[in-house]
2 protein chains.
Amino acid sequence: MSDKPTTIKEIAKILKISVSTVSRALNDHSSIGLTTKMRVKKLATELNYEPNQKAIQFLQGKSHIIGVILPELSESFFSTAISGIEDVAYKRNYTVLLAQSHDDADREKLLVEKMKTQRVDGLLVSVSKTTSTYEHFEMFKKLNIPVVFFDRIPPIKDIHYVASNLENGTYEAVNFLLKKGHRTIGMINGPTTLVASHERKEGYIKAMISNRLKFDPSLIVSCDLSETGTIDVMNTMLNHRRKPTAIVTFNDYVALFAMRYTRSLELEGIDFVSYANLPIINYMDYTPIASVEQFPYKQGKKAADILIDLINRPKNETGTEQAYFNVVVESELIVPTPK
Amino acid sequence: MSDKPTTIKEIAKILKISVSTVSRALNDHSSIGLTTKMRVKKLATELNYEPNQKAIQFLQGKSHIIGVILPELSESFFSTAISGIEDVAYKRNYTVLLAQSHDDADREKLLVEKMKTQRVDGLLVSVSKTTSTYEHFEMFKKLNIPVVFFDRIPPIKDIHYVASNLENGTYEAVNFLLKKGHRTIGMINGPTTLVASHERKEGYIKAMISNRLKFDPSLIVSCDLSETGTIDVMNTMLNHRRKPTAIVTFNDYVALFAMRYTRSLELEGIDFVSYANLPIINYMDYTPIASVEQFPYKQGKKAADILIDLINRPKNETGTEQAYFNVVVESELIVPTPK
DNA sequence: TAATTTTGCGCAAACGTTTGCTCAATGGTT
DNA sequence: AACCATTGAGCAAACGTTTGCGCAAAATTA
């Protein structure tokens, strides 16, 4: 019966016109008469015709697939981002080829190869923590396949990327705490190698300065983000000559560790502000009083949009300087309304 | 330079042999001489040849894409499952076309259409909460495209599915609580329409009976899984003539709601056991003392494997009864070792 | 009315690969 | 020496669609 999908040929045969006419009619080409168009379209819908994407993609040398390589699909930040990527891809008629590196540089490299084999039209990557070489990405550039980095940006030049700017979010966070009356605000920052750590620090400083307060560098401490590391820096904080009454932490995990620790010491009254990684925070008993939202969904959308734009940009004339998209998604302080 | 990928044609031209010979040589066809094979393969690797998947897929009428429709990508259960699906698809050379229904039946229907348009070779679905009609899936059956349901199974006949059996996990959970000395065990179950609710109940009953205890149906209450709903049923529980000393909850969210509520009443000493949805539970202060693991990763893997098997099964001779895969992944009680 | 433009449509090539068929050359058997 | 089997390789079709080019008929202009 309806076993094999209808093709353009069959429509042509039934209507006794040529395949090309049918094709053009369906694509609303200007050189086809209105009546013919109508007839073709009518029959097409009757026969439930749907163009064979494979054939089109093959013919046009486009796979209409974008590769997405992320460290961990099951991490909330990334799965939310995927959600955004998928929504855009869907809307723009692209397919998402998904892969996860599990934060392993070797596997990541393999995946990049695989993506090449699959002839993806573009690549969206959040690099693994352990990635230290980047030739596999350079290769894509040579092949003229656009690559957009996303959230975790490698430290190389001439790349497209989308990342969140944590400076202003942090600024708002610190400002919020200042407005609440806090004067001694600690910050548990991440490793100094991360761009993200630097941005957080800048935001902190900016907030202090704009409130005409002196910036005390010793109130910002680096942390390896583990639980024991967090406890260590908390001890430093709590023994500081100026004991903070509020603390900004690098992420939700650190916040939870720190809060758990202070409670175990039966310390009360320290306000925590964090960066939103965990939607589940809504279900918890003790949570930061505010958090900086990084909009992973939005970031994913943006990155996908840029990638697809790049894929469809007019052939870059050789010799012309290539422009690089460096998009920054602003972060924002979210203060939950108490229920 | 290396702008356009190498094709089989170029290899043929360089070696002054025909395209078909090259193709066969690369595919280790028996009718090609060893020397020719060697020459071809050597040049192929030198030229970095990689077959154009699109062309092959087009020619063979196979897209090598499996569609995956899930309610929410960012929910941990599903993103973990995806992880498993992706790993299998990757290994078996399939591409995952991802889409999320956001638990909206209409969107789900649209997505199914889209999948059809994209000519997926197979479909993996966890149906949305609001889905109540299933013709769009029937259509796939007519087109001879296999569909495997997964975790959330629609209540219709003659389908392939993979789901977890919660009966034995629940049995273990209740048993565990009984061993701990509890005699009055409550259960906050989900809507009675769900298969999952039924299985949980069966497991509960089985555990009671095998311990020679009387089963009290009034200790099992249905809940809409919302926070207010949870509080309602908790009130019922707490005012029960036999107040439970332990409660099995439908999922982690319900457990958290319930635990928060009991703490707000300054009630202590009720043990909770839940079903593992949330990895983040490790970071929390108050958690269930045990949980039933449903192995979403394993389920995803299994479902993907079955789907791809179905895709590649020999053409089902008309008239032959079709066999349906109904795979059950056993659940298991996990008791965290206290740190 | 003749010359020109416009309109509407068909022909055929192209995309990269696989595969059934054909066929020549080689080697082995009577 | 005549015959057959095997081996190795080429020809060409096929998959479904798009698109440049060509061409006839109709419509417009001069």
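**Entry 1: DNA strand C**

I looked up DNA strand C and found 25 residues around it, the closest being A:Thr21, A:Gly33, A:Thr36, B:Arg24 and B:Tyr49. I took a residue as near a strand if one of its heavy atoms lies within 4 Å of it. Of the atoms of DNA strand C that come within 4 Å of the protein, 51% are sugar and phosphate.

I note that this is a predicted model, in which local features need pLDDT of at least 70 and side-chain atom pairs count only at pLDDT 80 or more, while totals for chains, interfaces and linings use all residues. Residues are numbered from 1 along each chain as its sequence is written, chains are lettered from A and ligands numbered from 1 in the order in which they are written, and side-chain values use heavy atoms, with hydrogens and water left out.

I then listed polar contacts (pairs of N or O atoms within 3.5 Å; within protein, one must be able to donate a hydrogen and the other to accept it, and residues adjacent in sequence count only if both atoms are side-chain atoms). A polar backbone atom of A:Gly33 is 2.6 Å from a phosphate oxygen of DNA strand C. For B:Asn52, a polar backbone atom is 3.2 Å from a phosphate oxygen of DNA strand C. The elements giving two or more residues to this surface are H2 and H4 of chain A, with helix H1 (8–15), H2 and H4 of chain B. Helices here are DSSP runs (H or I, at least four residues), as are strands (E, at least two), numbered from the N terminus.

I sorted the surface near DNA strand C by class: 10 nonpolar, 11 polar and four charged residues. Ala, Val, Leu, Ile, Met, Phe, Trp, Tyr, Cys and Pro count as nonpolar, Asp, Glu, Lys and Arg as charged, and the others, Gly among them, as polar.

**Entry 2: DNA strand D**

I counted 24 residues around DNA strand D, with A:Ile8, A:Arg24, A:Tyr49, B:Thr21 and B:Thr36 coming nearest. The surface divides into 10 nonpolar, 11 polar and three charged residues. A side-chain N or O atom of A:Tyr49 is 2.5 Å from a phosphate oxygen of DNA strand D, and one of A:Asn27 is 3.5 Å from a phosphate oxygen. I also found a base contact: a polar side-chain atom of B:Arg24 lies 2.7 Å from a base oxygen of DNA strand D.

**Entry 3: B:Ser63**

I placed B:Ser63 in the loop between helix H4 (53–60) and strand S1 (65–70) of chain B. B:Ser63 is buried, at 2% relative accessible area; buried means under 20%, exposed over 50%, partly exposed in between (1.4 Å probe, protein chains only). Leaving out residues up to four places away in sequence, B:Ser63 touches A:Lys54, B:Gln57, B:Gln118, B:Arg119, B:Val120 and B:Asp121. Contact means heavy atoms within 4.5 Å.

I checked helix H5 (residues 76–91) of chain B and found 13 of its 16 residues buried, so H5(B) is largely enclosed by the rest of the structure. B:Asn93, which follows H5(B), has a positive phi near 65°.

I went on to helix H8 (residues 166–179) of chain B, whose buried residues include B:Leu166, B:Ala173 and B:Leu178. At the start of H8(B), a side-chain oxygen of B:Asn165 reaches to within 2.8 Å of the backbone nitrogen of B:Glu167. Just after H8(B), I read a positive phi of about 105° for B:Gly181.
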